[in-house]
Amino acid sequence: MAENEGLASQMAICSHLADVEPVTADSADSCPECVAAGDTWVHLRECQSCGHIGCCDSSANKHATAHYEATGHPLVRSYEPGEGWWWCYEDGVAFEVEGMGPVRPL
């Protein structure tokens with residue numbers, strides 16, 4: 001498969017993948033907003049636009065989604081050990097990314 005065909009296939013899954021650049025997480029192991037509020041979380045998500053770590057929608061505060069709503073940053077990935085899936089808020093799709101290589105829908 002030609003390189004452009006691979007990119008076209010990825011874009012069909014999520015129209016925002018071409019915009020992804022490496023990010024640095026703003027927390028190693030916690031949701032900073034939950035910590036500041038003295039609250040807990042269920043799972044963590046990392047914004048793929050800026051590296052913000054926020055708690056998932058199963059958490060009471062849903063800080064990852066609140067970050068998307070405040071910033072418009074469309075992509076998050078699971079920040080849980082052993083998980084490789086991403087979510088695009090705008091396209092409403094979940095998918096896995098293997099080292100920014102092959103992308104496959106979930």
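**Labels and their cut-offs**

Colleague: Why is Cys 34 called buried?

Modeller: Cys 34 has 0% relative accessibility, so it counts as buried. Buried means under 20% relative accessible area, exposed over 50%, partly exposed in between (1.4 Å probe, protein chains only). Note that this is a predicted model: local features need pLDDT of at least 70, side-chain atom pairs count only at pLDDT 80 or more, and totals for chains, interfaces and linings use all residues. Residues are numbered from 1 along each chain as its sequence is written, and side-chain values use heavy atoms, with hydrogens and water left out.

Colleague: What makes Cys 56 buried?

Modeller: Its relative accessibility is 4%, so Cys 56 counts as buried too.

Colleague: How do you know that Cys 34 is in no disulfide?

Modeller: A disulfide is a pair of cysteine sulfur atoms within 2.5 Å. The structure holds zero of them. For Cys 34, the nearest cysteine sulfur belongs to Cys 31, 3.7 Å away. Cys 56 is in no disulfide either: the sulfur of Cys 55, the nearest, is 6.6 Å away.

Colleague: What makes E3 and E4 a pair?

Modeller: Strands (E, at least two residues) are DSSP runs, numbered from the N terminus. Two strands pair if DSSP finds at least two bridges between them. E3 (residues 75-78) and E4 (residues 85-88) have three, in the antiparallel sense. Arg 77 stands opposite Trp 86 in E4.

Colleague: How does E1 pair with E3?

Modeller: E1 (residues 44-47) also pairs with E3 in the antiparallel sense, over three bridges. Cys 47 has Val 76 in E3 as its bridge partner.

Technical notes: Helices (H or I, at least four residues) and strands (E, at least two) are DSSP runs, numbered from the N terminus.
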